[in-house]
Amino acid sequence: MGTTSPLADKRVVLGVSASIAAYKAAEIASALVKEGIEVFPILTREATRFIGAPTLHALTGHPCPVDTFDEPYPGQIAHIYLAQNCDLFVIAPASMDVIARLAHG
């Protein structure tokens, strides 16, 4: 009998910012999905210079919004839907720019 992750059946938003380490987001998404975690990827526009939204969509089974006005969830406003329906928000990689923006509001 296999072990079950304590996060199994949880929903995680995986935010990917622009960094050379953005390719690691694919590994993170894949590992989370293997643990039974539902992953909702989002990318900054600049992150798409390092990893493509289709890659994360394929790994997670969920669309990967890039623009503020992307609305991939029918009848839902994406950022509100994700905020109300997910258990955890992870930013990986978190570029220095993103960390500074978070720190300074």
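The following legends describe close-up views of a predicted model.

**View 1. The largest nonpolar core.**
This core holds 17 residues, and those touching the most other members are Leu14, Val16, Val39, Leu43, Ile51 and Leu56. Two or more residues each are contributed by β1 (11-16), α1 (24-34), β2 (38-43) and α2 (53-60). The largest share, four residues, belongs to α1. As a general background, nonpolar side chains in soluble globular proteins tend to be buried together. Beyond its neighbours within four places in sequence, Val39 is in contact with Val12, Leu14, Ala29, Leu32, Val33, Thr60 and His62. A second, separate core has seven residues, among them Tyr73, Ala78, Tyr81 and Cys86.

**View 2. The buried face of helix α1.**
Within α1, the residues Ala25, Ala26, Ala29 and Leu32 are buried. Seen down the helix axis, the buried residues of α1 fall within an arc of 135 degrees, so they line one face of the helix. The general rule behind such patterns is that an α-helix has 3.6 residues a turn, so residues three or four places apart point the same way. The buried residues of α1 pack against β1, β2 and α2. Just after α1, Gly36 adopts a positive phi of about 85 degrees.

Ala78, Tyr81 and Leu82 are the buried residues shown in α3. These residues are on the same side of α3, because they cover an arc of only 95 degrees around the axis. On the other side of α3, His79, Ala83 and Gln84 are exposed. The cover over the buried residues of α3 includes β1 and β2.

Three aromatic pairs are present in the structure. In one of them, the ring centres of Phe40 and Tyr73 are 6.3 Å apart and the ring planes stand at 65 degrees, so this pair is edge-to-face. Phe40 belongs to strand β2, whereas Tyr73 lies in the loop between α2 and α3 (78-85), so the pair ties together parts that are 33 residues apart in sequence. Phe40 is buried, at a relative accessible area of 1%, and Tyr73 is also buried, at 8%. Ring pairs join Phe40, Tyr73 and Tyr81 into a cluster.

Ser19 is found in the loop between β1 and α1. With 18% relative accessibility, Ser19 counts as buried. Leaving out residues up to four places away in sequence, Ser19 touches Phe50 and Pro93. Glu71 has its place in the loop between α2 and α3 and is partly exposed, with a relative accessible area of 39%. With residues up to four places away in sequence set aside, Glu71 touches Gln76, Ile77 and Ala78. The C-alpha atoms of Glu71 and Tyr81 are separated by 9.9 Å, and the two residues are ten apart along the chain.

**View 3. Salt bridges between side chains.**
The whole structure contains five salt bridges. One of them joins Glu38 and Arg11, at 3.2 Å from N to O. This pair links distant parts of the chain, since Glu38 is in strand β2 and Arg11 is in strand β1, 27 residues apart. Glu38 is partly exposed, with a relative accessible area of 30%, while Arg11 counts as buried at 19% relative accessibility. Another salt bridge connects Lys24 with Glu27, whose closest N and O atoms are 3.7 Å apart. Lys24 and Glu27 are three residues apart in helix α1, so about one helical turn separates them. Lys24 is partly exposed at 36% relative accessibility, and Glu27 is partly exposed with a relative accessible area of 46%. Asp67 and Arg45 also meet in a salt bridge, at 2.4 Å from N to O. Here too the pair links distant parts of the chain: Asp67 is in the loop between α2 and α3, and Arg45 is in the loop between β2 and α2, 22 residues apart. Asp67 is partly exposed, with a relative accessible area of 26%.

**View 4. Two cysteines without a disulfide.**
A disulfide is a covalent bond between the sulfur atoms of two cysteines. A search of the whole structure finds zero disulfides. The cysteine sulfur closest to that of Cys64 is in Cys86, 13 Å away, which is too far for a bond. Both cysteines are buried: Cys64 has a relative accessible area of 12%, and Cys86 has one of 16%.

Definitions and conventions: Residues numbered from 1 in each chain as written. Predicted model: local features only at pLDDT ≥ 70, side-chain atom pairs only at ≥ 80, totals over all residues. Heavy atoms only, no water. Core = buried A, V, L, I, M, F, W, Y, C linked by side-chain atoms within 4.5 Å. Buried < 20%, exposed > 50% of the residue type's maximum accessible area, 1.4 Å probe, protein only. Contact = heavy atoms within 4.5 Å. Phe/Tyr/Trp six-rings, centres within 6.5 Å; stacked < 30°, edge-to-face > 60°. Arc of directions from axis to C-beta. Disulfide = S-S within 2.5 Å. Salt bridge = Lys/Arg side-chain N within 4 Å of Asp/Glu carboxyl O.
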